Amino acid sequence: MSAPTTESPSSTASPRPERNPTRWVVLAVICLAQLTVLLDNTVLTVAIPSLTEEMGAATSDIQWMINAYSLVQAGLLLTAGSAADRYGRKKLLAAGLALFGIGSLAAGLSETTGQLIAARAGMGIGGALLMTTTLAVIVQVFDDEERTKAIGLWGAVSSLGFAAGPLIGGALLNHFWWGSIFLINLPVAVLGLLAALKWVPESKNPAGERPDVLGALLSTIGMTGVTFAIISGPGHGWTSARVLVSGAVGVVVLAAFALWERRAPYPMLDMQFFRNRRFVGAVSGSILVAFGMGGSFFLLTQHLQLVLGYDPLQTGLRMSPLALVIIVLNLTGVGARLLPKVGTPVSIAGGMGLLAAGLAAIAVLGADGYGGMFLGLVLMGTGIALAMPAMATAIMSAIPPEKAGVGAGLNGTLQECGNGLGVAVLGAVLNSRFAALVPAVAAGAGSLPAALADARTDGDRAAIADAFATGVHTSQLVGAAAVLAGGLIAALLLRRAERSESPQ
């Protein structure tokens with residue numbers, strides 16, 4: 001027999017296992033690891049001018065510095081989750097922290113753009129391990145009664161990472177060279193590693209299933225192809241050979257992955273999950289929330305810097321209300337207390353409705369100043385704080401505890417795809433609207449800075465800025481409509497699932 005693990009007993013007749021006395025310490029360790037990953041997702045954005053000047057990085061180099069991390073991480077999430085289930089979530093959590101720390105050291109000491117891109121790819125491997133194991137460990141350590149609150153706190157730390165990244169990056173770049181934004185990860189990674197080894201309990205799939213090597217290969221290739229197409233689309237055009245070929249390869253390989261998983265003796269991802277209405281509803285909502293967040297962040301940073309004229313640090317400060325609202329609501333347990341009272345469908349529909357209202361408020365009221373944007377950010381933060389923990393809980397509750405790693409990997413994959421689609425789709429709406437409205441003097445310019453460079457008069461520059469602001473307005477409204485529709489669809493599917501599961 002295998003050694004005891006922290007898996008929940010399968011028999012409902014068994015008494016509830018005793019709660020882990022150090023579970024909140026474990027959560028703190030998990031949140032520290034999660035914070036390390038998410039800081040790196042946003043901190044690099046403020047260093048782009050410094051990298052361009054000090055390393056002589058071309059635009060394509062900058063794109064790969066940012067995308068190498070996301071591409072590797074997205075491609076490996078499902079495989080990392082499956083490996084964590086089989087070999088042990090604590091082991092993979094420790095390995096992820098170690099790899100992330102080593103990659104951060106290599107990135108901070110890089111002397112060429114190629115070295116930095118390679119280091120970022122290595123950090124993506126560590127990030128994939130961390131993104132899957134953190135949520136999987138929470139599912140194992142907390143019972144049903146406390147899990148929603150724990151996931152809410154985990155989500156609050158995620159929001160802190162998004163908000164703090166530009167602030168920390170801007171502060172460091174005001175006093176140190178660009179490499180400091182990576183070296184700051186080292187003490188956090190070391191502290192997280194030591195804490196994980198001491199306090200996080202080991203857990204794994206007690207069935208000891210054989211590894212699904214072909215499934216892991218197919219999922220990695222497929223997700224990498226799709227993610228690469230999404231990343232490349234805005235810059236190279238959606239009909240370019242680069243995008244069409246990589247997207248087609250990704251879709252075909254993912255289809256082969258789905259077929260293989262239906263026949264594999266030990267599938268990495270049980271395709272029967274997609275027949276579960278609760279699972280499908282939560283998945284749909286998760287993608288659309290990530291779509292709205294990813295796209296709106298992409299648009300907001302451009303609007304604050306390029307239209308309203310704020311520097312990166314000022315931009316980070318003005319976007320922080322969104323994250324602060326999420327943190328406050330989750331730390332106070334508002335979402336966790338509300339969920340049992342109103343139910344998952346209402347929590348998701350209400351949360352995504354508020355998110356959509358926030359996007360619309362920014363579009364309508366925030367075009368010319370920060371006041372309307374502040375209101376929109378508060379509404380968005382409130383909506384995300386209500387919807388995200390409910391959806392993560394719904395996804396993880398639809399998957400057996402022994403498959404928690406795969407569930408966390410799938411949740412992370414959906415987040416990556418939703419973020420990428422949000423940037424791609426809303427960015428395409430912005431670009432098309434901007435191109436249609438830009439004055440003739442700057443016709444053909446592919447960006448706001450390029451259009452402004454072609455402007456001859458102050459009147460032309462004002463018209464170009466207005467065209468860009470109108471493009472942002474239209475894009476935000478499209479995002480609001482998509483998020484609202486997604487919330488209603490997810491709530492409907494979850495409500496029907498609850499009715500079908502209830503005793504007759």
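## Where helix 5 meets helix 16

In this predicted model, M131, T132, L135, A136, V139 and Q140 of helix 5 meet A404, G405, A408, G409 and N411 of helix 16; contact means heavy atoms within 4.5 Å. Helix 5 covers residues 113–141 and helix 16 covers residues 404–437. Helices here are DSSP runs (H or I, at least four residues), numbered from the N terminus, while strands are runs of E with at least two residues.

Two packed helices are described by the angle between their axes and the distance between the axes. The axes of helix 5 and helix 16 come within 8 Å and cross at roughly 130 degrees. Helix 5 is therefore oblique to helix 16. Angles under 35 degrees count as roughly parallel, over 145 as roughly antiparallel, 65 to 115 as roughly perpendicular, and the rest as oblique. The axes are lines fitted to C-alpha atoms over the stretch in contact, with angles from 0 to 180 degrees between N-to-C directions. The crossing is right-handed, meaning that the near helix is turned clockwise from the far one by less than a right angle.

G412 lies in helix 16. G412 counts as buried because its relative accessible area is 4%; buried means under 20%, exposed over 50%, and partly exposed in between (1.4 Å probe, protein chains only). G412 and L135 are 277 residues apart in sequence, with 9.4 Å between their C-alpha atoms.

R89 belongs to helix 4, residues 89–108. R89 is buried because its relative accessibility is 0%. The side chains of R89 and D85 are joined by a polar contact of 2.8 Å. E498 lies in helix 18, residues 458–501, and is partly exposed at 24% relative accessibility. Apart from neighbours within four places in sequence, E498 is in contact with R278, T344 and P345.

## The chain as a whole

The chain has 18 helices and zero strands. Of its 504 residues, 53% count as buried. Among contacts with a separation of 6 or more, 83% are between residues 24 or more positions apart.

Residues are numbered from 1 along each chain as its sequence is written, and side-chain values use heavy atoms, leaving out hydrogens and water. Local features need pLDDT of at least 70 and side-chain atom pairs count only at pLDDT 80 or more, whereas totals for chains, interfaces and linings use all residues.

Notes
A polar contact is a pair of N or O atoms within 3.5 Å; within protein, one must be able to donate a hydrogen and the other to accept it, and residues adjacent in sequence count only if both atoms are side-chain atoms.
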